[in-house]
Amino acid sequence: MSRIKRGSKAKQAKVKEVSSLLSQIYGPIPWEPRYHAAEELVYTILSQHTSDINSERAFLNLMKVFGDLDSITDAAVEKIELAIRRGGLSKTKAPRIKSILNEVRDEVGSFDLSFLSEMPLEDAKKWLINLKGVGPKTAAIILCFSFGMPAMPVDTHIYRVSQRLALVGKKVSAEKAHDLLESIVEPEEVFQFHMYLIKHGRDTCKAQRPRCTDCTLTDLCPAFKKYK
Ligand code: SF4
């Protein structure tokens with residue numbers, strides 16, 4: 001059985017401080033299941049390089065047009081493309097969706113991926129990453145959002161904020177940051193910490209001009225001097 005090795009005590013303590021300060025702004029954010037795992041897989045493909053609003057519109061329209069995942073899997077690529085057009089990059093995403101759904105159905109015999117939630121986290125990740133086109137971020141999104149497992153999806157906001165806070169080193173890739181952050185956040189806090197860093201990245205620790213003078217994390221942030 002694979003187990004996640006815990007990171008340094010100092011970084012674990014820093015995560016707790018960051019979390020505590022951000023909780024005073026954002027309050028508790030309890031986990032709630034989003035889509036079923038195989039639907040979440042489709043949703044993550046639709047969300048690549050587009051806004052949340054557009055990807056959600058495309059996903060809802062896709063489900064409205066086809067009704068279920070079997071019908072999407074059996075449909076012509078052109079029909080899928082038409083259904084997701086409002087989400088952007090439909091020519092690339094439609095064949096990807098069809099191909100990955102076929103792979104899942106061939107492998108499992110259905111779209112019920114609930115067996116993943118019974119597996120140790122590392123094994124569940126490996127199973128998903130073995131699907132063509134699924135990387136650490138997509139695997140973590142599915143495990144975290146569909147099953148509430150302690151997998152940390154690292155998007156652009158989380159990567160940037162955690163590097164500025166020196167929770168993740170400058171030379172650590174986004175792919176490696178997934179495991180690294182999971183090793184320093186308490187498993188039961190992973191979802192909430194993920195949401196806090198995204199919100200903080202969007203609201204305050206922005207990519208171009210972070211609003212450091214309004215930030216609650218200045219005392220913990222080595223990047224503060226650079227941007228203030
Ligand atoms: S002090 Fe600035 S760089 Fe550091 S977390 Fe806050 S906004 Fe980001």
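Predicted model: local features only at pLDDT ≥ 70, side-chain atom pairs only at ≥ 80, totals over all residues.
Biologist: Which residues of α7 and α8 meet?

Modeller: Leu121, Ala124, Lys125, Leu128 and Ile129 of α7 meet Pro136, Ala139, Ile142 and Leu143 of α8. By class, this contact has eight nonpolar, no polar and one charged residues. Contact requires C-beta atoms, placed from the backbone, within 7 Å. Ala, Val, Leu, Ile, Met, Phe, Trp, Tyr, Cys and Pro count as nonpolar; Asp, Glu, Lys and Arg as charged; the others, Gly among them, as polar.

Biologist: What makes α2 oblique to α8?

Modeller: The axes of helix α2 (residues 37–46) and helix α8 (residues 136–147) come within 9 Å and cross at roughly 135 degrees. That makes α2 oblique to α8. The crossing of α2 past α8 is right-handed: for that term, the near helix is turned clockwise from the far one by less than a right angle (anticlockwise is left-handed). Ala37, Glu40, Leu41 and Thr44 of α2 meet Thr138, Ile141, Ile142, Phe145, Ser146 and Phe147 of α8. The contact of α2 with α8 holds six nonpolar, three polar and one charged residues.

Biologist: How do you know that α2 and α6 are roughly antiparallel?

Modeller: The axes of α2 and helix α6 (residues 90–108) cross at roughly 160 degrees and come within 10 Å. Roughly 160 degrees is over 145, so α2 and α6 are roughly antiparallel to each other. Their crossing is right-handed. On α2, the contact uses Ala38, Leu41, Val42, Ile45 and Leu46; on α6, it uses Lys93, Arg96, Ile97, Ile100 and Val104. The contact of α2 with α6 has eight nonpolar, no polar and two charged residues.

Biologist: Which residues make up domain 1 and domain 2?

Modeller: Domain 1 is 9–30 + 152–227, and domain 2 is 37–147. These bounds come from an automatic or database domain assignment. The centres of the two domains, taken over C-alpha atoms, are 27 Å apart. Nine residues of domain 1 contact six residues of domain 2. On the domain 1 side, α10 (174–184) and α11 (190–203) each supply at least two residues. The largest share, three residues, comes from α11. That side of domain 1 has five nonpolar, two polar and two charged residues.

Biologist: How many residues surround the ligand?

Modeller: There are 15, and the closest are Cys205, Pro210, Cys212, Cys215 and Cys221. A residue is near a molecule if its C-beta atom, placed from the backbone, lies within 6 Å of it. Helices α9 (156–164) and α12 (224–227) each give at least two residues to the shell. By class, the shell has 11 nonpolar, two polar and two charged residues.

Terms used
Residues numbered from 1 in each chain as written. Axes fitted to C-alpha atoms, helices over the stretch in contact; angles between N-to-C directions. Helix = DSSP H or I, 4+ residues; strand = E, 2+ residues; numbered from the N terminus. Parallel < 35°, antiparallel > 145°, perpendicular 65-115°, else oblique. Contact = placed C-beta atoms within 7 Å.
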